[in-house]
Amino acid sequence: MTKIGYFPGCSLNGTAKEYDLSLQAIARFADVELVELADWNCCGATAAHSLNSTLAVALPARNLAIAESMGFDEILVPCAACYSRLAQSRHEIKSDEKYRTKIPQLIEMDIKGTANPITVLDFINKYVLGKLKDNLSNKLNAKFACYYGCLLTRPEHLSTIERREDPLVMEQIVQLVGGMAIDWAFKVECCGAGLSVVRTDIIGKLCAKILDDANSRGADAIVVACPMCHSNLDMRRNEINKNLASANTLPIIYITQLLGLALGIEPNKLGFDKHFVSTGKFLHKLQKQTMEV
Amino acid sequence: METKSKIEPLAQPLKEKILNEINEQVMKCYQCGKCAAGCPLSGEMDYTPNQILRLLQIGDTSCDDEVLRSYGIWLCLTCDTCHSRCPQEVDFPHIMDFLRSESIKRRKVHPKAKEIIAFHRSFLECIEKTGRLHEVGLIASYKLKTFNLLQDVDLAPKMFAKGKLEIFPHRIKGKEAIARIFEKAIKEADND
Amino acid sequence: MARIGVFVCHCGENISSTVDCAKVAEIASNYPGVVYSIDYKYMCSDPGQNLIKEAIQKHKLTGVVVAACSPRMHEPTFRKATAEAGINPYLCEMANLREHCSWVHFREDSTTEKAAELVRVLVEKVKHNEELYPIKVPITKTALVIGGGIGGIQAALDIANSGHKVIMVEKNPSIGGKMAQLSETFPTLDCSQCILTPRMVEVAQHPNITLYTYAEVESVDGFIGNFKVTIRQKAKSVDHKACTGCGLCIEKCPIKKIPDEFNAGLGNRAAIYVPFPQAVPNKPVIDRNNCTYFLKGKCGLCNKVCPADAIHYEQEDEFIKVDVGAIVAATGFDIKHSDFLPEYGYGKYPDVIDGLQFERLASASGPTLGVLKRPSDGKEPESVVFIACAGSRDPAKGIPYCSKICCMYTAKHAMLFKHKNHHGNATVFYMDIRAGGKMYDEFVRRAIEEDDVNYIRGRVSRIYEKNGKLIVCGVDTLLNSRSVEIEADLVVLATAAVANSDSEELAQKLHISYDQYHFFSEAHPKLRPVETNTAGIMLAGACQAPKDIPDTVSQASGTAAKVVALFSQDELTREPLIAYVNNNTCVGCFLCQSVCPYLAIEKEEIRRRDGTLVKTVAKINPGLCQGCGTCVALCRSKSIDIHGYTNRQIYAEVSALFNRREYAGV
């Protein structure tokens with residue numbers, strides 16, 4: 001069994017429990033043990049880099065150092081925002097002499113930058129897809145709008161995704177599980193991210209455009225790979241719908257939940273009951289169409 | 001009345017500071033406006049990204065002052081759309097981070113941005129104390145700072161019911177180490 | 001025994017204000033070998049030159065040192081004077097007292113001392129100077145013009161009309177180039193083909209021009225006046241002498257869906273084709289990559305229907321060797337396509353097109369016969385957005401330069417659209433309007449003022465498609481950077497002009513230099529704009545940098561004048577300051593050959609009278625050698641030297657500096 005470092009981040013412990021559940025489920029399927037970094041801390045998120053640049057490098061660095069001390073050269077970081085902070089921190093330490101000397105003093109640990117953060121899409125591509133083909137139990141006969149948001153594709157020096165303006169990585173995964181990935185125009189637009197609490201009105205406006213475009217092109221669900229995108233599109237749905245002529249009910253599904261369904265895992269074990277926007281109708285439709293197949 | 005201010009006089013234009021400290025050249029911007037055209041929030045900003053860069057390019061005290069007092073710098077989501085499409089490869093989000101910390105340091109924060117900063121501060125305080133984010137603690141602290149007492153009251157019960165809220169924070173074992181990181185990082189920022 | 005004369009010039013006050021010239025002359029008179037020494041206010045003036053001439057004759061001088069300005073300035077003057085006095089001009093040397101001494105130092109004793117030292121060094125050199133004679137090289141009075149666009153056509157006609165032979169090589173089946181694809185031309189809106197096609201016919205019919213179409217330059221050897229060029233005549237599979245151009249083969253060809261290059265991919269052509277109705281020559285070629293006969297060995301329909309029996313499948317590429325005296329590179333440019341800009345759709349929206357495609361849509365000879373129809377559904381667009389600087393002035397995309405032609409053709413495109421659809425909306429997104437040129441700015445103003453084209457200053461961030469419309473997201477930077485979203489039916493990108501993909505390969509064949517963007521480099525950006533650094537090879541048009549038609553034609557005529565000037569002489573005279581080999585000591589290692597940047601070193605076999613080979617040694621081609629000295633530095637047996645800068649001369653100069661003696665008062 002392969003073991004890799006796992007940095008769930010604060011969201012997967014709280015608001016994004018379904019992401020953690022479904023990710024653990026597909027990791028078990030792929031025979032990969034996700035070893036949680038011992039005593040990890042918050043990456044600092046937008047708050048740290050908005051207010052204090054040193055903190056923004058140091059907080060993620062402590063986690064990188066923990067991973068190194070545990071002997072991991074790969075850390076799965078399912079949250080795109082945490083990924084961005086960890087990867088940026090590693091980038092700064094490796095490329096900037098100033099941080100290379102300063103950071104070990106701050107975190108009171110050695111750090112070389114040998115542990116490489118990877119996104120959930122990297123993880124799926126590397127560990128899951130190869131085993132998927134022979135184990136598919138459901139063909140997910142529905143239309144999906146794959147949503148990347150900002151931090152999976154930008155900035156360029158941290159992203160592993162090609163075709164930044166029109167990435168196709170998630171689309172390929174959707175097609176592998178029998179779904180249809182629609183071509184749409186808002187897959188790399190921003191959802192409003194960290195302004196969720198303070199300027200919920202902005203989240204409403206930005207997410208409304210995203211949901212509206214997916215809806216108008218016939219999507220049955222939006223697939224995401226980031227808990228920030230998910231909570232804005234899902235939890236903030238009432239605020240979003242204020243900006244739309246008619247209420248939008250598109251469910252927001254994690255890519256890991258999608259894979260879980262394709263592998264025949266029970267929706268409840270994938271956390272489908274934890275969504276704010278009901279996934280019932282979508283699951284029902286899937287089930288019906290799967291039966292028809 | 002201001003007596004002993006920590007605010008330093010503008011010894012050098014911000015653009016020079018930006019060049020020296022974070023190695024970004026605001027002079028590269030040729031005002032094509034592609035950043036503003038792609039920015040999800042330029043419509044909400046008092047100054048769009050290219051306008052901020054223009055003010056920085058002029059480099060006199062009053063323009064620098066306008067930048068540091070602007071609301072726009074606090075709205076930037078660091079989505080990197082501007083940077084990824086900029087023909088001149090100006091890393092504007094990087095510059096925005098610098099401007100925000102400079103704005104706080106020189107006490108020029110836009111009044112409307114105080115809530116955003118309060119949120120960031122509550123967030124960091126939470127991490128400083130426990131090592132991780134604790135939503136209940138964060139929201140409580142933010143509400144106390146801003147008196148937005150009704151913020152998101154409708155969400156909390158639902159989140160709780162779905163098992164997405166913990167009443168008590170998880171305190172990591174290394175929380176003293178985290179506190180020391182904060183202490184050193186803040187001291188360093190003050191010395192700049 | 002050497003008898004050297006030293007002539008110290010004051011250069012008005014240029015030298016004498018910091019150097020005591022009389023003192024320099026006095027000191028020089030004590031140098032060994034110097035028999036005459038004098039200073040004078042203007043040595044380059046007639047009286048000054050006479051001073052030198054008289055001294056040479058009177059004192060029977062064997063060498064002359066003129067201590068004055070830079071040899072770049074007056075070496076020819078003084079060498080001419082020396083020759084007029086009856087001795088070999090290469091026995092005259094110059095000490096540069098102005099640029100190397102008086103201009104860069106203050107007036108003090110050490111400045112005069114340095115001047116005297118500079119003179120002494122040259123005195124030591126000139127003692128070893130030899131009599132040299134200019135090299136004469138014959139000239140083949142035929143020019144090769146590579147590229148049959150408007151640049152090549154203009155250059156070829158100008159040279160041919162001056163009475164010289166021209167060989168034109170064009171890689172496509174027809175000449176005409178980019179200009180043949182354009183609909184109208186700025187700033188007059190006259191029809192491009194109407195003014196171009198008569199020139200194309202003139203080229204084909206000119207008695208002095210030999211035209212090779214569907215041909216490429218295979219290799220180039222030789223040097224100015226004496227190039228040896230091999231042309232690859234690609235197999236046309238059609239005998240153009242027999243072909244009458246009736247077009248029956250094209251009509252019957254079953255393969256008809258090949259994207260048409262001439263129509264920028266917007267139309268289709270057959271596998272046997274003439275690129276466009278006005279093509280020169282107006283006879284078809286077979287595109288073997290798409291022809292069923294060549295791919296599968298069957299079909300042969302064209303052969304069956306040809307009444308002239310002109311189809312020759314068995315034809316092979318032919319190699320034609322020609323001798324030419326000058327070469328004009330006029331290979332033009334290319335444009336980036338719309339898939340170059342991911343934020344504008346990775347080329348996935350058929351209605352986001354490039355400028356050349358718009359030209360074809362607007363052209364009466366185009367795929368839509370001049371009716372503007374968008375590619376996706378053939379609808380006539382009501383709203384068209386034009387985006388200038390699409391990839392130009394964009395260091396992030398690797399193209400920091402301005403493509404120069406886009407501002408004007410974008411204004412033209414917007415006008416053409418408005419002329420075809422008076423009620424339509426034309427929007428131009430721009431950064432700056434660069435309309436320098438005769439009647440150019442007036443043209444752009446006309447688009448804005450008379451044709452109501454909406455110019456918005458701002459760069460578009462992205463384009464996406466929604467409900468059959470293209471949503472163009474930009475801002476108006478003149479209106480507080482307010483966001484602007486336009487629903488367009490058609491978007492035209494003024495994509496960057498770039499060098500041809502094979503320009504680097506051609507530059508290497510020609511041994512000419514090119515810039516980092518693969519445009520060919522001119523010899524001097526201001527004063528030698530049509531020549532390259534390789535003597536005898538000139539440039540015309542956009543292969544040097546993006547250019548519009550007027551600039552291309554001007555440069556082509558300039559280049560033609562250079563070629564004609566070269567051909568006005570029967571022989572080429574060159575300075576003899578080139579390398580030469582000592583056959584006795586050369587061991588034939590040919591290290592020199594491997595480093596010579598001008599490919600000037602050949603092999604020479606030394607044979608006895610009975611014909612047996614003694615050895616093979618290096619031989620310098622005097623036409624090619626530029627006297628750079630790289631071979632001298634590398635020669636292990638010290639068998640190569642350079643006339644005028646021999647090792648002996650240089651050593652004499654250096655040792656003079658080391659063996660300093662006191663000469664009167666210094």
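Two strands count as paired here if DSSP finds at least two bridges between them. Helices (H or I, at least four residues) and strands (E, at least two) are DSSP runs numbered from the N terminus. By that rule, chain A has an open sheet of four strands, ordered β6-β5-β7-β8 with parallel pairing. Keep in mind that this is a predicted model: local features need pLDDT of at least 70, side-chain atom pairs count only at pLDDT 80 or more, and totals for chains, interfaces and linings use all residues. Residues are numbered from 1 along each chain as its sequence is written, while chains are lettered from A and ligands numbered from 1 in the order in which they are written.

**The sheet in chain A**
- β6 (180–181) and β8 (252–254) of chain A each have a single partner strand, so they form the edges and one side of each lacks a neighbour in the sheet.
- Strand β5 (residues 143–146) of chain A runs parallel to β6(A), and two bridges join them.
- K143(A) has M180(A) in β6(A) as its bridge partner.

**A helix pair in chain C**
- α2 (residues 46–59) and α3 (residues 71–84) of chain C have axes that come within 9 Å and cross at roughly 40° (axes are lines fitted to C-alpha atoms, for helices over the stretch in contact, and angles run from 0 to 180 degrees between N-to-C directions).
- Contact means C-beta atoms, placed from the backbone, within 7 Å; on the α2(C) side the residues include I52(C) and I56(C), and on the α3(C) side F78(C) and A81(C).

**Between chains**
- Five residues of chain C are in contact with five of chain A.

Note on methods. Two residues are in contact if their C-beta atoms, placed from the backbone, lie within 7 Å.
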